[in-house]
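Here is my note on the packing in this model. Please read it with the structure open.

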Amino acid sequence: MATIEEVLAGLTKYHPSADTGLVMRAYELAAAKHEGQARASGEPYISHPLSVAMNVVELRLDDVSVAAALLHDVVEDTDIRLEELEAMFGKEVANLVDGVTKLSHLQFSSKEEMQAENFRKMMLAMSKDIRVVLVKLADRLHNMRTLGFKTGPSVERIARETMEIYAPLANRLGIYSVKSDLEDLAFRYLEPVAWADLTQKVERVRREHERFIELVKNMLGEELRAANIQGEIDGRMKHLVSIHRKMKAQNIPFEEVYDLVAFRALVDTVNECWHVLGVVHQLWKPIPGRFRDYIDLPKPNGYKSLHTAVMGPNGEPMEIQVRTWKMHEVAERGIAAHWSYKEGTKASAPEQERVRMLKELLDGIRELHKDSGDSKEFLASMKEDLFGDEVFVFTPKGDVKVFPRGATPLDFAYQIHSEVGNHCSGAKINGTMVPLSFPMHNGDIVQILTSANQKPSEDWLSLVHTGGAKAKIRSYLRHERREMSQEVGRAVLEKQLRRKGLSLKSLTKRGDLERVLTTLGIPNEEELLVRLGGGRLQPRDVLRAFMPELDEQTQPGEEPKDEGIFSELIRKITPGTSPGTVLVGGEGDIVTHFAHCCSPLPGDRIVGFVNRSRGISVHRATCPSVADVSRDRLVDVQWDKGTKGHRLVKIKVLCLDQAGMLAAMSNVFLRLGVNIVSANCQGNRDKGATNFFEVLVEDAEHLKRLQKALESTSGILSVERV
């Protein structure tokens, strides 16, 4: 267990003027408030904040971060309130603690929802102060190191959360030392059998590879000295997760993984980096396609290095990284390297560039939060945007843009600006026109073409790869659907008010609208029209709120005299509307109209397309009418769960022209509870009869039972849906 003396000693070693009084007071409060609490390991609870603080010190963060690390659990686990913490330690410390604190006081429908909302809260706090996530990573690292003391399903949940969120986040921020530790620790609990087997195999070959490491270090060191290059060479066996992933990706056993060792050469200058690379390639044959220049093209988190792979001694493949000492500091501590406390120094040009890259990352997080519909969508988007393999592409002006692998020009357009994405009509890559679904590759020069008439459609969601682009497209579609519901709602209300010689404008002028909104508990006119157009509010309820005298003219149990007129108006404006039975893009507040040409039933595969005068027109997926509709107008529609009711459908029955057939069919309808709305029966010259029935059924399954029952009736030749 770390001690407060060790924490203070580590802090003052790189930050001599640190406010040790602040840190000591934070420790004393944490120790007092956690008194009597214990970890699952049996250790006093204060051992955890001290260990987290030591992890923060190893990242070389400031005194405020160390104090926040010591206090990070007091708001969640003790009776201290955030306001008290701010009064005692200042706003900076309180904000960091608040950013790390879980949302334990809120109610969630599932652990997944809670995880997503906690992550969203932390990332938004991080977008204001990067130290929030650095303290959280330090916290997660110690929790993973002590996870073996826990039991039950929470072990796998915590390990999976670490592997899917926190390790990739550390990687995205460039803190590779933390990233590697988190991955190996999570691997141990997610795949314990594979972890134990791989650990045993690695230990068996460790001594042999340690001798290989010394051989390479001696050979390369001798060549560097001969070239008058001063540097340090380091060699290590790769992390377990790295080896395990390679085995799975290539479907090979451990014995066929030949590059188990990686080397690193550290020098003083960039020129020496290139000189070392030349020496390496003269000494050993480079493996084609394995060279990466991250010095001239650094990663978004500021990571710089030269990567190469060569056939080393005895023909064994091995990887070598070449970087300066300053680059190495960034590689190990990433974003933390330029957030570290530095007394009396001005940020260098590379550090300013890293700050710029960080600002872009944080701005992206804030924009993603704004465009995402909920916490789960935000978390999914973060995983896609921040945690994938990276592709570096260029704008026509030469600016670098970074995307997860598989991203398309449409992703590129949305990263430039939402409006560029919304009006993207085409793209050129390296001067050649390509589809918007074309995957971008490293080094591509991407040019976006726009058109004022172009706008997003549901199809675009399948063309983009980044969560940010998906969130912006969904946001646009949500806004468009809301506007459509508002238009329909306004048309419905205006038509009904005109029947009474009134208008919405005149009622608003005399103040009646405010009274109606208060009566109905609706915040504003826009929301009133949206609910009305979406079927969540009945027109008669709105009219009664405007004109209370309608209720006085109605006897108990009797509908208003104008109710028939209201219903007719609704049918004229939105015929076939059935609010609440169909979800549009997962939402149930959109006006829908069931097409008469194919009479869709609950259970049928359905599609919809926008009809501004009638809402969303819903058709069966196989309806010929849909083939003529522009794909831009198609929308995602689904039956709401448990949708029932009586829907009109037309069937054609061919039967023998003999006595009793109509009675036999009627008996089938009666037995299955099917009402006949209309019937047209005609005899044919070949002693057959063609019968068309319009009937009311509950859903597609109900129709299937009817067809089967009719087909099994003697004398009936065929039954088909029209």
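1. Basis. This is a predicted model; local features need pLDDT of at least 70, side-chain atom pairs count only at pLDDT 80 or more, and totals for chains, interfaces and linings use all residues. Residues are numbered from 1 along each chain as its sequence is written, and side-chain values use heavy atoms, with hydrogens and water left out.

2. Four-stranded sheet. The order is S19-S20-S18-S21, in an open sheet of 4 strands with antiparallel pairing. Strands are DSSP runs of E, at least two residues long; helices are runs of H or I, at least four; both are numbered from the N terminus. Two strands pair if DSSP finds at least two bridges between them. Strand S19 (675–683) and S21 are at the edges, each with a single partner strand, so one side of each has no neighbour in the sheet. The twist averages 20° from one strand to the next.

3. Pairing within that sheet. S18 (residues 647–656) and S20 (residues 688–697) pair antiparallel over 10 bridges. Here Lys 650 has Glu 694 of S20 as its bridge partner. On S21 (residues 716–721), S18 has 5 bridges, again in the antiparallel sense. Val 653 is bridged to Val 719 in S21. S19 and S20 run antiparallel and are joined by 8 bridges. Asn 675 has Leu 696 of S20 as its bridge partner.

4. Helix on that sheet. H30 (residues 700–711) packs on the sheet and touches S18, S20 and S21. Contact means heavy atoms within 4.5 Å. The direction of H30 makes about 165° with that of S21. Axes are lines fitted to C-alpha atoms, for helices over the stretch in contact, and angles run from 0 to 180 degrees between N-to-C directions.

5. Three-stranded sheet. This open sheet has 3 strands in the order S10-S9-S11, with antiparallel pairing. Its edge strands are S10 (432–434) and S11 (446–450), and each pairs on one side only. Neighbouring strands are turned by 35° against each other on average, direction ignored. S9 (residues 424–429) runs antiparallel to S11, with 5 bridges joining them. Gly 426 stands opposite Leu 449 of S11. Helix H19 (residues 409–416) packs on this sheet, touching S9, S10 and S11, and its direction makes about 75° with that of S11.

6. H2 against H6. Helix H2 (residues 20–33) packs on helix H6 (residues 82–89) at about 145°, with axes 11 Å apart. The crossing of H2 past H6 is right-handed. In a right-handed crossing the near helix is turned clockwise from the far one by less than a right angle, and in a left-handed one anticlockwise. H2 contributes Leu 22, Arg 25, Ala 26 and Leu 29; H6 contributes Leu 85, Met 88 and Phe 89. By class, this contact has 6 nonpolar, no polar and 1 charged residues. Nonpolar covers Ala, Val, Leu, Ile, Met, Phe, Trp, Tyr, Cys and Pro; charged covers Asp, Glu, Lys and Arg; the others, Gly among them, are polar.

7. H23 against H25. Helix H23 (residues 512–520) and helix H25 (residues 539–546) pack at about 125°, with axes 9 Å apart. That makes H23 oblique to H25. Angles under 35 degrees count as roughly parallel, over 145 as roughly antiparallel, 65 to 115 as roughly perpendicular and the rest as oblique. H23 passes H25 in a right-handed crossing. From H23, Asp 512, Leu 513, Arg 515, Val 516 and Leu 520 meet Asp 541, Val 542, Ala 545 and Phe 546 of H25. The contact divides into 6 nonpolar, no polar and 3 charged residues.
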